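Hello,

Here is the structure I promised to pass on to you. Have a look at it first, and then read my notes below.

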Amino acid sequence: MEDTIAAIVTSSSIASVGIIRVSGKKTFEIIEKIFVPINKINKIEQQKMRYGHIVYNKEVIDEVLVSYFISPISFTRENVCEINCHGGTVILNKILDIVLQNGARMAEPGEFSKRAFLNGRIDLTQAEAVIDVINAKTEKSLNQAQKQLNGGLKNKIGEIEAVVLDILSDIEANIDYPEYDVEEVSNNKLISNLDIINNKLIKLEKSFDKGKILKEGINIVIIGKPNVGKSSILNALLGEERAIVTNVKGTTRDTIEEYINIKGIPVKIVDTAGIRESNDIVEKIGIEKSMQAFNIADVILAVFDASKELDEEDRNILCKLDNKKTIILLNKVDLDKKININELNNKDYLYISVKENIGIDELEDRIFNVANLDNVAGDNDVILVNIRHKNIVSKSIKQLTDIYEDINKKTPIDIISIKIMEILNLLGEITGKTVTDEVISKIFSKFCLGK
Amino acid sequence: MKYEAEEYDVAVIGAGHAGCEAALACARMGLKTVIFSISLECIANMPCNPNIGGTSKGHLVREIDALGGEIGKNADRSMLQSRMLNTSKGPAVYSLRVQSDRKKYHQDMKHVLELENNLDVKQAQIVDIEVIDDKVTAVVTQIGATYKTKAVILATGTYLMGRIYIGDVNYESGPDGVFPAKQLSDNLKRIGVELRRFKTGTPARVNKRSIDFSKMEEQFGDDEIIPFSFENKSYEKEQEKCYLTYTNEKTHQIIKDNIHRSPLYSGVIKGIGPRYCPSIEDKVMRFADKERHQIFIEPMGENTEEMYIQGMSSSLPEEVQIKIYHSISGLEHCEIMRPAYAIEYDCIDSTVLYPTLEHKKIPGLYFAGQINGSSGYEEAAAQGIIAGINAALKIKGREPLILDRSEAYIGVLVDDLVTKGTNEPYRMMTSRAEYRLLLRQDNADIRLTEKGHEIGLISDERYNQFINKKNNIEKEILRLKAYNVKPSEKVQEFLKKYNSSILDSGIKMSELLKRTEINYKILGEIDENRLELPRDVCEEVEIEIKYEGYIKIQKDQVDKFKHLEKKLMPKDIDYTKIKGISLEARQKLNNLKPVSLGQASRISGVSPSDIAVLLIYLEQYKGKKNNG
């Protein structure tokens, strides 16, 4: 831990400002070598920002703000500086390179968090949350990760643990004082307490779907026969010309994936090659890919040409929509409407015109509603975002199912308590109370431990 | 005047339940041993309840027996009533308990000590322990006899600076009117042993002839007497009765009116008492909404009319005690022969000990029983045998015997004492054992006989019998697992008879046994190849098959536990230098110097987060070692 480490901590995408973090014993020494503050007074103050220039070989590289954190009041509990410089890969890399040349080494992924953990700044669940923060795609998922960082999940698990402990202490009192008239644990009391646990766990387990949406977004697939305007709709949602749009059928030969952000929730939109019979080998591959995307989609946008009557190909597509959440888009309403609404099997539909920008805003709302995102976005409850946590919760629910069965079979209470205890052990793996090195190595595999 | 007396390998100070086991273990392992008691009339005395066993304590007795100890055999010899408790709650917590003839228990144990080769029994008060170059060298009696010795086992019980409290009266005393040990305390402090005060208490004894039993519930022993010792077979004996009565509002009112006269409440007693075995005034004051408390009346012996009033321990003045006792149904006219009292005594903080019960800073000095802050005869005996065995093994230059938490209640007990320590008299409880389905009283021999044999406390003969039993169990389990039961008319009739669902197709006999309503015994009705097997073998077979799934869960838990136990902490580790762990944890770890990461995780004040840091620290430490 003697090394001083540095890395670009802002995302690599194009932004106007970027940050390079330096942490370790030699931090201030390195900064002094490369940073010339406007205010020449050579004084380092806690949590102060200084304005100046990064100068390398007597050449001014960038105009920057440097914030100082003196050990132990910093994220890693070491001396830390953060250089706020102009964004863009070139300038960030250049400054990082200068820092490295002056005595720092490149930080491993997650190494700042690892140091924060090893220096006692954060505990294991928080460390895990840091990883989630790093991987968060949108603000909503970042919020969730931060909630966990603040202990939200830990509290939730704590509530459940308290009930489990309650049950166990009742059982133990019965066992340790067999002759005393301690109230016998009745099955009714036991079951009602188990129900409380079960409900809480199931709620948590369900929240994972939300968590997954927050983290990974929902999948939307646009389908429709060629040249009904699928790619135009994608572009309209993206607000930029990304997919190639022509009048030639089958232009989109591959599926195109793009992310948009609807009210803070990531939405992955897949524009497909169109679904139809084709002899063109290249197009065939595209169609196959479209079908795969279709199968895993959360919401389908089915596009039809409102200026034409439905044909055989359209009807084939309609048939496929039966078990899917679908929004039917009747495009090209700027032309004469010829489509027969009665043929749409009572499905939800929306008239739009990409060309005239009709109905695009409403489309976003519709997607939000159909995908039930309201539920996801509005809930203030703790949400499971981490797959490891989800697996533990599912295991605990499975354990509970076994326990109910055992009670039915009139298994002795002491034997049942073993499984109840196991729930406590399992939940402890989320909060870090049950320390097993598997868990730790699983978490820190993302921190590249052991180098 | 001091004089040079004999020389021994081991000197045991105190001949209570800890001292007796310690001395017998050393002597039986071939060491020249001496045991001292202030009064030989107090060897293996039961100054409190006249019973052995009970929840988790019965487990300890069985384990001590499996290691080659004496408590189980002695309890069988002096049994007045025998019961298996908790039989409705699952096999892990079945608990054997006997009422004992107190006098006979003492006499028999004394006789066993006297008959033991290599063991001298002496009436003397030890006042000093000589330590030269940080090593124990001798013990000195009050008269001045100096006995050279290689190891000392301290098992002083409640004698060390003992002080008895009865209401406003208090005086220096050991239990039961025996005088206390006084000078030893100061000399222990001089050699670096820190002492603190604990307290315990005992109820009154009353004359049986003055009790009206017609107002009480009778409690009988079990029809089938199951012995504690694995060496003994089931036997028959006329059993004594116990009785149950209750306190009432009047009792509670007398206590409330006089509570200011209890030295516990007025603050005169500074020692900390046991929460698990509270005095009657504690119960009434702490559980104010409880309308009544149970009181058990238990016999003290065959040749005495004294009865023990369990649940009525008290430190209130004698005249208040009389009123309290007389308020209870059936005790209205009882004659108190010995009043209830509280006793305060010196003991140590047991975290200064290794799991061998040897003092970390004074090699050769071992501690066992109440001096370590425990309570209970069985807890004492368990520590006694562990201290004795380890003192002997060390002198012989052999590896120590340390039982871990997954092997025995004894392991849980010792680990709790030396790792967590205790702030009140420590009582064993089943809930303290994480892996209790594996640590049953029925399989204590399977868990520990091997070890007892290896250290030399179990004879070859007993060992061979044990191996035979083990083979029988394994063979029978295999047979039942291979045995196909066909849905014949006889089988279906059998199942209907026991309200069990009938078969659609063939099933293994072992699967049938897993049904809650079916047991091994009744399966005999459809088992065509059933062998005549002893009761204990059948019991084992039944439990192992019936609870196979749960046993597997616990074995998996043990595997996880062992994983951390196997991660040994380097001896040269300086915890103050590890930044990631809390300040409190650093200090505790440095003081305790845990053997393994597992032990570290059980130290109070060391959080899971600290352990996570240590885990990573260990990885890096290993890395450094390998690289450099």
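Buried area here is the accessible area (1.4 Å probe) that two parts lose on being put together, summed over both. For chain A and chain B this comes to about 3,700 Å², with carbon and sulfur atoms giving 56%.

Please keep in mind that this is a predicted model, where local features need pLDDT of at least 70, side-chain atom pairs count only at pLDDT 80 or more, and totals for chains, interfaces and linings use all residues. Residues are numbered from 1 along each chain as its sequence is written, chains are lettered from A and ligands numbered from 1 in the order in which they are written, and side-chain values use heavy atoms, with hydrogens and water left out.

**The interface**

Chain A brings 40 residues to the contact and chain B brings 45 (contact means heavy atoms within 4.5 Å). Three salt bridges cross between the chains, taking a salt bridge as a side-chain nitrogen of Lys or Arg within 4 Å of a carboxyl oxygen of Asp or Glu. In a salt bridge between A:Asp414 and B:Arg436, the N to O distance is 2.8 Å.

**A sheet in chain B**

Chain B also has an open, antiparallel sheet of six strands, ordered β14-β15-β16-β17-β13-β18. Strands are DSSP runs (E, at least two residues) numbered from the N terminus, and two of them pair if DSSP finds at least two bridges between them. At the edges, β14 (217-219) and β18 (336-338) of chain B each have a single partner strand, so one side of each lacks a neighbour in the sheet. Strands β13 (residues 205-207) and β17 (residues 306-310) of chain B pair over three bridges, and B:Asn207 has B:Glu306 as its bridge partner in β17(B).

Best wishes

Technical notes. Helix = DSSP H or I, 4+ residues; strand = E, 2+ residues; numbered from the N terminus.
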